[in-house]
Amino acid sequence: MGYKVVVVGATGNVGREMLNILAERQFPVDELAALASRRSLGTEVSFGDKDLKTKDLDTFDFTGWDIALFAIGSDATKTYAPRAAAAGCVVIDNSSLYRYDPDVPLVVPEVNPEAVEGYAKKNIIANPNCSTAQMVVALKPLHDRATIKRVVVSTYQSVSGAGKDGMDELWEQTKAVYNPTKDVPPTTFTKEIAFNVIPHIDVFLDDGSTKEEWKMVAETKKIVDPKIKVTATCVRVPVFVGHSEAINIEFEDFLDEDEARDILREAPGIMVIDKRENGGYVTPKECVGDYATFISRIRQDSTIDNGLNLWCVSDNLRKGAALNAVQIAETLGVRMLKKG
């Protein structure tokens, strides 16, 4: 006996990936409903070898459904997630709405799978920010060995993190560089993204950081350890899919780079590709469509007593969003719901 699963926002980038991953991982689905807003009503989406027509989110009755994977913005989630949860359907939410709610677990299954057990307070589980998800997968096994004191991270985030509009804007602006008769001013981003980098993701806060940077700080503390100090600089780059991060880690105890490499090789969800030669590292283009978080460029930081540097790359539509949500559903099933 499998699960009755709802994918909310099934026509968006993340929703379509959720459908792909549910099929790829052979999640035990007895029945699946693909929901979308009225303007996308009737659009066909793929689930394995089946084509499904989307149903109207506004009129959908969640009663009797087991799990709902939400891939819509916070404003819409605020309306529909409580409705689904009240009907007895466990919500796994990809928006930022519930991430910082103390009564809602924030889960990365390789890091804190036990946290799913707290879902019953609101019948909701939160999926972390894309840039946080891949980073904490790398941090947790190293933290368990040597205790992390401080993390300094600079991100190189792809335009798919801003949705289809972000990807379209990069594509149209890139074409316009070679066809100067057409001007494509920035609308999704604050400045032209083609052949450029923008050190600004989400809104600015009073201390000069952006909300994206604040998310990485708050979520790392909630998922891994509240004692870890984190400072982040988040940058949008002209890459379609795949987030990259340069991470500097300071530990309480000394951790040799070779031991760190061995620990990461054995850690769940991680693939280490770290050769000190041309091409001996992973770039975002190479990680697209993969489940793993890739780690390269592991090396000692000689400027502090117990420091390491590493390069971290992952498909943000997968581990940063859809894959992590499906993994949460798998963990919830094994630990709590016990069907399938």
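# Strands, helices and their contacts

User: How many of the 6 residues of strand S1 (residues 3-8) are buried?
Analyst: Strand S1 is mostly covered, where buried means under 20% relative accessible area, exposed over 50% and partly exposed in between (1.4 Å probe, protein chains only). The model is predicted: local features need pLDDT of at least 70 and side-chain atom pairs pLDDT 80 or more, while totals for chains, interfaces and linings use all residues. Residues are numbered from 1 along each chain, and side-chain values use heavy atoms, without hydrogens and water. Of the 6 residues in S1, the number buried is 5.

User: Which residue of strand S2 is the bridge partner of Val7?
Analyst: Helices (H or I, at least four residues) and strands (E, at least two) are DSSP runs numbered from the N terminus, and two strands pair if DSSP finds at least two bridges between them. S1 and S2 (residues 29-36) pair in the parallel sense, over 6 bridges. In S2, the partner of Val7 is Ala34.

User: How far apart in space are Leu52 and Ala34, C-alpha to C-alpha?
Analyst: Leu52 is found in strand S4, residues 50-53. Ala34 is 18 residues away from Leu52 in sequence. In space, the C-alpha to C-alpha distance between Leu52 and Ala34 is 7.0 Å.

User: Is Leu52 buried or exposed?
Analyst: Beyond its neighbours within four places in sequence, Leu52 is in contact (heavy atoms within 4.5 Å) with Leu32, Thr43, Glu44, Val45 and Phe47. The relative accessible area of Leu52 is 17%, so this residue is buried.

User: Is Gln26 buried or exposed?
Analyst: Gln26 is found in the loop between helix H1 (13-24) and S2. Its phi is near 50 degrees, a positive value in a residue other than glycine. The relative accessibility of Gln26 is 68%, so Gln26 counts as exposed.

User: What is the relative accessible area of Arg297?
Analyst: Arg297 lies in strand S13. Although not a glycine, Arg297 has a positive phi of about 55 degrees. Arg297 is partly exposed because its relative accessible area is 42%.

User: Which are the edge strands of the open sheet of 6 strands?
Analyst: The sheet runs in the order S10-S9-S11-S14-S13-S12, and its pairing is mixed. From one strand to the next, the twist averages 20 degrees. Each edge strand pairs on one side only, and these strands are S10 (229-236) and S12 (270-272).

User: Which residue in S10 is the bridge partner of Ser154?
Analyst: Strand S9 (residues 148-157) and S10 run parallel and are joined by 8 bridges. In S10, Ser154 has as its bridge partner Thr233.

User: At about what angle does H3 run to S11?
Analyst: H3 lies across S9, S11 (243-251), S12, S13 (293-300) and S14 (307-314). Axes are lines fitted to C-alpha atoms, for helices over the stretch in contact, and angles run from 0 to 180 degrees between N-to-C directions. Helix H3 runs to S11 at about 25 degrees.

User: At about what angle does helix H6 run to S13?
Analyst: Helix H6 covers residues 257-266.

User: How are H3 and H5 placed relative to each other?
Analyst: Helix H3 (residues 130-146) and helix H5 (residues 211-223) have axes 9 Å apart and pack at an angle of about 40 degrees. Angles under 35 degrees count as roughly parallel, over 145 as roughly antiparallel, 65 to 115 as roughly perpendicular and the rest as oblique. H3 and H5 are therefore oblique.

User: Which residues of H5 meet H3?
Analyst: On the H3 side are Cys130, Ser131, Thr132, Met135, Val136 and Leu139. On the H5 side are Glu212, Lys215, Met216, Glu219, Thr220 and Ile223.

User: What is the relative accessibility of Thr220?
Analyst: Thr220 is found in helix H5. Not counting residues up to four places away in sequence, Thr220 touches Thr132, Met135, Val136, Leu139, Lys215, Asp225 and Val230. Thr220 counts as buried because its relative accessibility is 0%.

User: Which residues of H6 make the contact with H3?
Analyst: The axes of H3 and H6 come within 9 Å and cross at roughly 125 degrees. H3 and H6 are therefore oblique to each other. From H3, the contact takes Ala138, Pro141, Leu142 and Arg145. From H6, the residues are Glu259, Ala260, Ile263 and Leu264.
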